Amino acid sequence: MEAVESPEAAPEDVESLSVPEFYRAAVLLKDEQHMFDGVRVANRNPAKSLHLAEVPTPMPGPGEVLVAAMASSVNYNTVWSAIFEPVPTFAFLERYARTGGLATRHDQPYHVVGSDLSGIVLRTGPGVRRWRPGQRVVAHCLSVELEDPAGHDDSMLDPQQRIWGFETNFGGLAELALVKANQLMPKPPHLTWEEAAVSGLVNSTAYRQLVSRNGANMRQGDNVLIWGAASGLGSYATQYALAGGAFPICVVSSPRKAEICREMGAEAIIDRSAEDYRFWSGEEGGQNPREWRRFGQRVRELTGGEDVDIVFEHPGRDTFGASVYVARRGGTIVTCASTTGYLHEFDNRYLWMHVKRIIGSHFANYYEAWRANRLIMRGRIHPSLSQTYPLEQVGLAAEVVHGNRHLGKVGVLCLADKEGMGVDAPEFRTRHEAQINRFRKRPGSTDAAG
């Protein structure tokens, strides 16, 4: 790996290296996809289903790139994959394979998961011109064919768009990864491998959801309510609100997470554990509108009497009724993920009679992902890495995320031998060291996610 890792390595030197026939990867097994049937989602343990195994190396076809993965990260889609919720991902792989051509390779008795990556280009397939062996890259997770006209205004509308490492095989939690060339972006040179690896999915998602015209189209001065503001996704949303001149109202679940938000520059913070909001405490276990009103009053106390222009939604079922209620007349609720449940309930009177909008937002297109990565390159947005695990402990890392026992993002070392490697711009890094290390594990950092 020394020859590959060297920033001075010439493309021909890297290309001359032999590629192993097999590589180590975090995999799910098709034979085990029903192992949690009958077990409550909260009690399913991803450490039991995620295995470290050697699998055959896929060589890149037209428009594809083989990357030596130095680091990756655990996202909620990794957890969903590992607990086979809401459906086993092998159904996605089989459906993709039926489209024919190179896609048939994705239907395997194993699924290499992982939707983030930082690494080094090893091989490029026919037709790839922008990238060459030896380049240091990060990958976003949109895998798209772009053969349908619907995808050419916004590739997220392409009927063949998929999330790499979730709806496709050969993901990033491995020593090697297979991606499409248009998934790659330059690695921020001031970051380590593990720091660079954690932002691709959540940073791009937050950018589209909050900043892009395809999302909430946030403006200066907007009041933005951010649920889980110290979580992986929420921490990037908080940074975007602050960087864009908006006023974030950060909802968290512990004093430690409130402290993190203050360190990012937020002033308006609601610790829902301390204030004990019970949105689902109504009759027969239903929602409690009185708690929505109490929450709304607290929000207005923090905004000087104003309702919020945008609600940044990702918890889903637990919070969605309150989100619809507290948005201002004509305001926007932009939603993705639904980490507490997909079946949302809300009082439609507060939506329809107050002409509010709900916008569904799913990851990002290449242009949005590139712009989001550019902001990290320039030190305007920073990774929220809190802790890192070796690839051998990927099951434990996924278990930590499933149990919400983390701040920010959880990284995984793949080919990188240890933390702290891969920095090519040390002087620029020094200027941003405090912000880069803000989420690093310290006392209190294993609280439940915000």
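1. The model is predicted, with local features requiring pLDDT of at least 70 and side-chain atom pairs counting only at pLDDT 80 or more, while totals for chains, interfaces and linings use all residues. Residues are numbered from 1 along each chain as its sequence is written, and side-chain values use heavy atoms, with hydrogens and water left out.

2. Strand S3 (residues 64–74) is largely enclosed by the rest of the structure, because eleven of its eleven residues are buried, where buried means under 20% relative accessible area, exposed over 50% and partly exposed in between, using a 1.4 Å probe and protein chains only. Helices (H or I, at least four residues) and strands (E, at least two) are DSSP runs, numbered from the N terminus.

3. S3 is joined by six bridges to S5 (residues 117–124), and the two run antiparallel; strands are said to pair if DSSP finds at least two bridges between them. S3 also pairs with S9 in the antiparallel sense over five bridges, with valine 65 having valine 179 of S9 as its bridge partner. With strand S18 (residues 409–413), S3 pairs in the antiparallel sense over four bridges, and there valine 74 has valine 410 as its bridge partner.

4. Helix H7 (residues 200–211) and helix H8 (residues 232–243) have axes that come within 9 Å and cross at roughly 50°. That makes H7 oblique to H8, since angles under 35 degrees count as roughly parallel, over 145 as roughly antiparallel, 65 to 115 as roughly perpendicular and the rest as oblique. The axes are lines fitted to C-alpha atoms, for helices over the stretch in contact, and angles run from 0 to 180 degrees between N-to-C directions.

5. Contact here means heavy atoms within 4.5 Å, and the H7 residues that meet H8 include Val202, Tyr207 and Leu210, while those in H8 include Leu233, Tyr236 and Tyr240. The residues of this contact divide into ten nonpolar, four polar and no charged.

6. Some backbone values deserve a check. Most residues other than glycine have a negative phi, and most peptide bonds are trans. A cis peptide bond, with omega of about 0°, joins glutamate 85 and proline 86, and proline 86 is found in the loop between helix H4 (76–82) and helix H5 (90–97).

7. Phenylalanine 170, in the loop between strand S8 (162–163) and strand S9 (176–180), has a positive phi of about 60° although it is not a glycine, and phenylalanine 170 counts as buried at 3% relative accessibility.

Technical notes. Ala, Val, Leu, Ile, Met, Phe, Trp, Tyr, Cys and Pro count as nonpolar, Asp, Glu, Lys and Arg as charged, and the others, Gly among them, as polar.
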